[in-house]
Structures are given as C-alpha cells and as structure tokens.
Amino acid sequence: MSLSPRRSTVACTVTLAAGLALTACGGGSPNDSSSTTAGATASGAAPVSQGASQVNITLTNDGDADTCEIDHPSAKAGAVTFTVINKSATAITEVELQSNQRIIGEKENLAPGLAPVKFTATLTGGTYQVYCPGAKQAMQDFSVTGQATGPTAGSVQAVLAKGTSGYGVYVAGVIGDMGTAVTTLKKAVDSGNVADAKAKYALARPFYEKIESDVDGFVLPGSDPTSNKGNLDYLIDMRGSNLDPEVGWHGFHAIERDLWKNGKITAGTKKQAAALQTDVKTLGKLSEGLTYKPEDLANGAAGLLEEVQTTKIKGEEEAFSHLDLVDFEANVEGAQQAFAFLKPGLTEIDPTLTKTVTAQFKVVERLLDKYRDPSKPGGLVAWTPELRQADAPMLSKSVQGLQDPLSRMAEKVATAQ
Amino acid sequence: MTDNLDPQQQAGLDRRRLLQGAAGGLLAGGALAGAATAYASSSSHSSSDAARSDKDTVDLSRTHPFYDQPHPAGISTPPQRHALFMTFDLVDRATRSDLQVLLARWSAAIAQLAKGRTIGAVQPARAGAVGADTGEAAGLDPAGLTVTVGLGSSIFDKRFGLEHRRPALLEELPDLPSDQIQPSLSGGDLSVQACADDPQVAYHAVRNLARMVRGTAETGWTVMGFGRASAGPGQETPRNLMGFKDGTRNISTPDDYDHFVWVTDDGWMSGGTYQVVRKIQMNLEIWDADDIADQQNIFGRTKSAGAPLTGHREMDTPDFHATGKDGKPAIPGTAHIALAAHENNGGTKILRRAYNYTDGINKYGQLDAGLLMIIYANDPDHFVKIQRRLGASDRLNEYIQHIGSGLWAIPPAPRSGHFIAEDLFI
C-alpha cells in the first residue's frame with residue numbers, strides 16, 4: 001500500500017493554525033490481511049512506523065452499547081495513519097476525524113467481519129475529534145503536538161472556492177446559449193414551418209435542463225412569490241402535469257404541445273415563443289452575478305437527478321414530443337459539471353465517495369449511450385410509452401445508484417470551511 | 001464527552017428504550033440504566049418461550065436474536081403476522097469485495113433492527129447530512145422482527161470467484177407441471193424475507209437494506225404478506241384466502257427440523273437450509289362460487305374445523321385408504337392433502353412458512369391475491385417431487401397459478417462479530 005500525501009492545507013479557525021494533508025488508503029479487500037490492531041493501551045503518543053504515527057480505532061459491542069476505542073489519544077505532528085476495525089459494533093458504520101466540525105478524513109461501510117481499513121492525514125499541533133456516530137461516546141478528543149513540516153499549500157476551502165467560481169462561469173455560459181437557442185426557436189416558429197420549429201425546439205431544450213436547479217427560484221420583480229403568474233420557472237418550463245389553470249399554458253411546453261399534439265403553428269404559438277424569449281432574457285439578467293457555495297453545487301447536482309427521476313423517466317416532461325431522454329442527458333450533464341467543479345476539493349475530503357460518484361456517473365452515461373441516434377432530434381431516440389415501459393425501471397435504478405452517493409456530497413463540502 | 005453525542009440520536013434511542021421498558025412493565029431510571037434493563041427484558045423473550053405462549057396474542061416487545069444461533073432466524077421462529085419478501089440482483093460491475101461489504105452491512109443492520117433499533121441517525125446533527133435511517137420505524141417496538149437472507153445460484157459464478165463454493169443442492173428449479181412463472185417474478189441473486197408482527201417494521205427493514213446497497217444491488221421482485229398462513233409450534237393453524245386451514249401437519253418437532261430442514265455436514269452451509277419461494281395467485285371470485293362439498297373435496301378437509309374428511313378434528317390423522325358409502329376414497333386421490341401428504345411422498349416433509357398477499361385489483365377488475373408460499377428444506381428436491389404431483393393433478397390447480405418462483409441457499413446464522421456467509425469467502 002503506497003501512501004502519497006497530497007499537497008494541501010486546511011485553514012483552521014479557532015484552535016489551530018493548521019497544515020494538514022490527507023490521503024486515504026483502501027484497506028485492501030476484506031479478509032485479505034490479518035488485523036493490524038495492536039494491543040490497545042490508551043497511553044501516550046502513538047508509535048511511529050513507516051513515517052506515520054499509527055493509531056488504532058477499535059469498534060466493539062460491550063453487550064449493549066457500541067464503543068469506539070482509540071488506542072493512543074495523541075500523536076506527534078505529521079502523518080497519522082488511523083486503522084479502523086469493527087469487531088462487533090453493529091450500530092457504527094463510519095468513523096470521522098474532525099477539526100472544529102470539519103471532516104478531515106473518514107471511513108464508511110464499516111461492519112463486523114470486514115478487514116481493517118486505514119486512512120492517513122497529515123496533522124499539525126492542535127485538538128481534533130474522532131467521531132463515531134452510534135457509539136456510546138460518539139465524540140472523543142485526539143490531540144496532536146508540535147508543528148507539521150512539509151507541504152502546506154492551498155486549502156480545501158480554496159480549492160472548493162475555485163471550483164464554485166468556475167461553476168458560476170459555466171452557468172452564465174449556459175444561460176447565454178439558451179438565449180441564442182430560444183431566439184432561433186422563435187424565428188422558426190415565426191416562419192410557420194412546423195418541422196423546422198420542432199428541430200429548433202429540440203436544440204433549445206437542454207440548456208434550461210442543465211442548470212434548472214440553480215435558476216428555478218426566480219420571480220419577476222414586484223410579483224407575488226406565491227403566484228405562478230410571476231414565477232419564471234413556471235413561465236419557462238411548466239408542464240401539463242403541473243398546470244395552474246389560473247395562469248394557463250406558457251413557455252417551452254406550450255410550444256411543444258402546439259407543434260406535436262396540434263401539429264400546427266398559430267398566432268398563439270407565436271405569442272408563446274415571443275414570451276419565452278422575453279422570460280429567458282429576464283432570467284439572464286436576474287441571474288447575473290450569482291455566486292455559489294460548494295453545497296449549492298452539491299445540492300444542485302442532486303436536484304437535477306431528482307428531476308430525472310420525477311419527470312424524465314416517467315415521460316412527463318416532454319409529454320408530446322417524447323424528447324425526455326434529451327432532457328435526461330442535459331440534467332445529467334448539468335449534475336456532472338457541478339460535480340466536476342467540486343471534485344478537486346471533494347477528493348481531499350472523501351476520496352472514496354468521489355470515486356463512487358465518478359463511477360456511477362459513468363454507469364449512467366453508458367446507459368444513455370444505448371439510446372443515441374444522431375438522426376433523431378437532440379441526438380437521442382424518442383422516449384415512447386413502449387420504450388418507457390420496457391426500460392424505465394432499469395434506468396431509474398441506475399440513476400438512484402448515482403443520486404444516493406451524490407446526495408451525501410453537500411454535507412462534506414459544506415463543512416470544509 | 002457524552003454531551004457530544006448526536007442529540008437527535010440520543011433522544012431517539014431514549015424514547016425507544018422507554019417505550020420498550022414500558023411494554024415490559026419496567027421502570028426506566030436514568031436513560032442509560034433504562035436502556036440496559038429494557039434490553040435485558042427484550043432478550044428474555046426467547047423464541048422458545050414465544051412458541052409455547054403464542055396462540056393469537058401478539059407481544060410487540062418480543063425480539064429474536066440474530067447472532068450466535070444454531071440456525072438462522074425466521075425459519076423455525078414462530079411465524080409472525082406479516083412478511084415482506086424481496087429479491088435483489090447485484091449490478092454487473094459488482095465485485096467480490098462489494099458482495100462481502102453488502103453482506104457485512106446487511107448483517108450489522110439486521111442485528112440492530114432485530115433489537116428494535118435504528119440503523120443510524122434519523123435526524124442527523126449536521127444540517128447538510130442525509131439521515132442514515134429512513135425513520136418510519138422510530139419509536140416502534142421490535143415486533144419480533146426477523147430478517148433471513150438467501151443466496152441465489154446466480155452468485156456462484158465467476159463474477160465473485162465463487163464458482164467452486166456453490167452449495168451442493170443449489171441449482172435453478174426445473175420447470176414444473178402447470179407452472180406459469182413470469183420472468184419478472186423469477187429468481188434473483190439474493191433474497192430477503194423480513195417477518196414481523198408490525199407490517200411497518202418489516203417494511204422499514206427491507207427498505208433500509210435496499211437503500212444501503214444501492215449502486216451495488218438493485219431490487220428485483222417483491223411480495224408483501226399481510227397475514228400468516230402457516231402455523232409454528234403452539235400456534236393455531238391460520239386460514240388461507242380460500243378460507244381453509246392449510247398446513248395443519250406442518251413440520252414442528254425438533255426431530256423433523258433436523259431430518260427435513262437443516263443442512264448438516266456441508267461445510268459453510270451446515271446449520272443453514274434451502275428456501276423455495278412461490279408466488280401463488282388465486283382466482284378468488286371463481287373459488288367463492290364453488291359449492292362447499294366441492295371445496296372440501298378439493299382440499300380433503302372440512303372448511304370450519306379443518307378436519308380431514310376421514311375424521312372429526314383438525315389434528316386427526318387423515319386415512320387415505322378409507323372409502324365412503326359409494327365405495328370411492330373418502331379423501332379423493334386428487335385432493336390437495338392427499339397429494340401433499342408425507343405418507344404418499346415416501347415420508348418427505350417440507351416446512352411451509354406461508355403468508356397471504358394481495359396486489360389489489362388486476363387488469364380484468366378481479367381481486368389480485370393469493371399465497372406467498374415460502375418453503376424450507378434441506379434438499380430442494382423434496383419440494384420439486386411434491387410439486388410435480390401437485391402441479392400435475394391437484395384439483396386446486398383450477399383455482400390457482402404459480403406465477404413467481406425462486407430457490408436460495410440460506411447460510412447459517414453468523415457468530416457475533418461476523419457476517420452472513422462470511423465463511424464462503426475464506
């Protein structure tokens with residue numbers, strides 16, 4: 001097992017001016033090694049071996065409650081390797097190393113019978129906490145003496161901040177492109193050519209779907225926030241399934257209904273296309289200068305996948321054109337962008353989760369590849385009721401396999417401040 | 001530093017324990033003292049006590065131990081009132097290590113759930129955190145929950161390097177007469193049978209097991225049993241949806257369990273068994289229109305008392321040689337009990353642990369309901385032999401269809417500190 005400490009520091013606020021670096025090492029496959037937990041005696045600083053202080057955390061059940069025992073309550077500054085073994089504690093599934101409620105390192109999926117797992121952090125002097133949720137004593141202090149030498153460049157917070165500003169640029173770009181595509185759609189509608197309008201509709205759809213979770217909260221200036229009349233998300237992206245009769249049909253799906261269900265462009269269609277262009281312009285103005293916190297990206301990504309589950313897979317979004325897979329792909333791409341901007345920071349915090357989310361994105365993308373067809377509008381086959389009936393459960397399960405780990409990201413990036 | 005304990009979690013545990021304590025008629029002192037006593041009291045309801053005391057009373061504070069038992073829970077355990085059965089399939093990319101983690105996490109979670117505890121925080125302390133437990137059983141009693149995990153023949157392949165560890169008798173079931181098995185209700189890499197006296201407790205257990213393995217294993221098919229249709233020792237024989245007592249002569253003695261249910265001398269499988277699951281749909285409207293004499297001839301028993309047509313009381317031994325006044329057998333040879341009887345199957349018995357189920361109303365506007373038949377046997381061929389006869393000539397076939405089916409190996413109960421089927425990976 002090779003240890004390759006990353007070059008990173010976390011700025012700590014209260015008790016320590018920190019320099020810490022973190023790397024996680026898989027514990028190898030279960031059962032592949034004998035336990036490395038030494039006789040646990042809670043005395044003095046942890047012994048150093050292979051350049052790192054060695055601390056064992058042992059999880060046991062004492063007959064009723066689960067306990068989390070740390071064999072050495074302190075270590076010298078520098079690399080510290082925590083080896084976690086769950087001997088019999090059924091209530092404890094994870095162990096975290098924290099500093100002022102920030103997660104510095106952790107191991108999840110702990111259960112009795114599995115081989116020990118390790119993680120290593122480079123710690124400087126100060127007080128840390130070992131958090132074992134589910135244990136009788138869940139939080140225990142761990143102290144580090146001295147100053148860590150070595151690399152202390154760039155904090156997780158700074159890495160994440162760089163990601164969020166990059167994401168802001170991405171969102172602004174998508175909103176700009178949406179304006180262009182909606183203008184093109186309006187021109188096609190105005191020309192009265194249904195086939196051309198359909199093609200331009202398919203091209204305009206993905207932009208909103210990529211960033212929907214960032215911009216779905218805007219209301220027109222001066223309007224009642226509880227009414228759909230001024231709700232920009234409603235005006236741009238309402239569907240038949242969430243129709244508010246008081247406000248009526250608007251936006252993309254009103255145009256979709258005219259083009260596919262009615263098969264013709266009327267004066268009403270042209271009015272809707274013009275209104276859509278105006279509303280998208282307003283959205284662009286309102287979203288200028290938006291800034292994001294790391295958890296906004298994480299929650300936004302999870303929100304986009306929720307959109308996939310609730311409206312795309314069910315075929316509710318594009319009820320007339322059956323372009324749901326085009327929107328599906330856009331939702332996934334938007335989520336992936338948000339994740340990509342978080343990834344450098346998240347990797348420092350939780351490399352296992354980062355790896356899981358990366359792998360699950362690949363699974364979903366590969367599934368989507370099955371439906372690609374360049375000759376179809378938007379490049380994906382129509383999500384017809386027949387196809388939906390056959391494939392929806394499989395797609396839904398795969399998206400859920402991505403959404404679950406993704407929904408755990410917000411907590412991790414939010415605490416890395 | 002107990003003040004650092006996740007406050008919600010602590011509150012949740014205390015509440016649960018007080019409820020348990022109250023149910024057991026105990027005084028809970030301080031929170032932790034109360035916890036200890038309440039737990040001790042729950043443990044004292046062993047399954048053998050339960051077996052003797054149970055008729056139709058339900059003690060929701062009852063618990064059944066998960067670890068260190070001679071046999072897995074949920075098989076000889078007196079049948080609880082409700083069941084949720086679900087199958088799972090590992091995703092294509094799942095590895096041997098994923099399967100180990102899955103079985104280890106499930107084992108730890110089942111141990112928690114069987115004590116009536118959550119599997120983690122319902123309301124985490126950090127605002128951005130997602131709850132580890134979904135929460136719908138928080139504050140509910142353990143309700144005698146047992147969760148029994150089975151391994152399908154499909155996991156013993158190259159994906160997990162287990163092709164040489166396949167249990168001796170684990171194969172796909174053969175096609176049987178009258179089978180109308182739907183592919184979507186067939187087989188699965190893993191099976192989970194959760195039984196409890198509170199349906200919400202059973203549902204919570206399976207839902208959370210499914211949730212914790214998402215990305216590794218996907219749900220296959222499921223049947224929710226709303227009322228037990230088999231009796232354990234000391235329990236009165238319940239009725240199936242046809243209104244009949246079925247399974248009167250179910251396996252009940254330790255000798256029969258040893259002889260017909262538990263696997264012995266088969267390495268890591270010793271102490272375990274095999275599980276056959278059949279989802280049996282009933283044509284209830286048609287059955288309800290059948291006259292009583294015909295219904296009784298089909299089962300071979302009377303409807304009210306459940307007595308064999310050659311006796312007066314339920315427990316009377318049927319006489320398959322007796323003839324009626326017309327000179328014909330008093331119990332027709334094609335009666336359900338005649339075909340299923342061990343006397344007519346070379347002495348073979350199978351353990352039945354069935355539940356009634358309903359899926360609502362079918363597309364023809366008829367009641368969609370039937371029997372979730374769960375069978376345990378130390379040789380799946382015992383079921384196959386009996387079902388061949390039943391499928392070929394049981395008069396019940398006019399009113400039922402077997403639409404779901406699967407066979408799983410049930411590993412022995414894990415020792416404390418270990419997980420289900422851990423020895424399989426050594």
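**View 1. The annotated N-terminal domain of chain B.** In an unreviewed UniProt entry, residues 73-226 of chain B carry the feature "domain: Dyp-type peroxidase N-terminal". What you see here is a predicted model. Over residues 73-226 of chain B, helix makes up 21% and strand another 21%. Chain B has 426 residues, and 55% of them count as buried. Take the contacts in chain B between residues at least 6 apart in sequence: 76% of these join residues at least 24 apart.

**View 2. Where chain A meets chain B.** Here 42 residues of chain A touch 38 residues of chain B. Together the two chains bury about 3000 Å², and carbon and sulfur atoms give 51% of that area. Look for A:Asp64, A:Thr90 and A:Lys397: they supply 19% of the area that chain A buries against chain B, more than any other three residues.

View 3. Nine residue pairs are in polar contact across the interface of chain A and chain B. On the chain A side, β7 (95-99), β11 (139-145), α8 (351-369), α9 (385-406) and α10 (409-415) each bring at least two residues. Which of them gives the most to the side of chain A that touches chain B? That's α9(A), with five residues. Sorted by class, this side of chain A has 14 nonpolar, 19 polar and nine charged residues.

**View 4. Salt bridges between the chains.** Side chains of opposite charge can pair when their charged atoms come close. Between chain A and chain B there are three salt bridges. One of them pairs B:Arg117 with A:Asp64, with the closest N and O atoms 2.7 Å apart. B:Arg117 comes from the loop between α4 (96-114) and β2 of chain B, and A:Asp64 from the loop between β3 (52-61) and β4 (66-70) of chain A, so this pair joins two chains. Both B:Arg117 and A:Asp64 are buried. B:Arg214 also forms a salt bridge, with A:Asp404, and there the closest N and O atoms are 2.8 Å apart.

**View 5. Salt bridges within a chain.** Over all chains, the whole structure has 38 salt bridges. In chain A, A:Glu209 pairs with A:Lys312, and their closest N and O atoms are 2.6 Å apart. A:Glu209 belongs to helix α2 (residues 194-215) and A:Lys312 to helix α6 (residues 294-312), so the pair ties together parts 103 residues apart in sequence. A:Glu209 counts as buried because its relative accessibility is 0%, and A:Lys312, at 1%, counts as buried too. In chain B, B:Arg159 forms a salt bridge with B:Asp189, the closest N and O atoms being 3.4 Å apart. Both lie in the loop between β2 and β3 of chain B, so the pair ties together parts 30 residues apart in sequence. B:Arg159 is partly exposed at 31% relative accessibility, while B:Asp189 is buried at 5%. Back in chain A, shared partners link several salt bridges into one network, whose members include A:Arg205, A:Glu209, A:Lys312 and A:Asp327.

**View 6. Two loop residues with positive phi.** Most residues other than glycine have a negative phi. A:Asn109, though not a glycine, has a positive phi near 60°. Find A:Asn109 in the loop between β8 (102-107) and β9 (117-123) of chain A. Is A:Asn109 buried or partly exposed? With 38% relative accessibility, A:Asn109 is partly exposed. Over in chain B, B:Ser178 has a positive phi near 70°. B:Ser178 lies in the loop between β2 (146-152) and β3 (190-196) and, at 45% relative accessibility, is partly exposed.

Notes
Residues numbered from 1 in each chain as written. Chains lettered and ligands numbered in written order. Predicted model: local features only at pLDDT ≥ 70, side-chain atom pairs only at ≥ 80, totals over all residues. Heavy atoms only, no water. UniProt positions renumbered as here; feature names shortened; annotations may be inferred. Helix = DSSP H or I, 4+ residues; strand = E, 2+ residues; numbered from the N terminus. Contact = heavy atoms within 4.5 Å. Buried area = accessible area lost by both parts, 1.4 Å probe. Salt bridge = Lys/Arg side-chain N within 4 Å of Asp/Glu carboxyl O. Polar contact = N/O pair within 3.5 Å; in protein donor to acceptor, adjacent residues only side chain to side chain. Nonpolar A, V, L, I, M, F, W, Y, C, P; charged D, E, K, R; others polar. Buried < 20%, exposed > 50% of the residue type's maximum accessible area, 1.4 Å probe, protein only.
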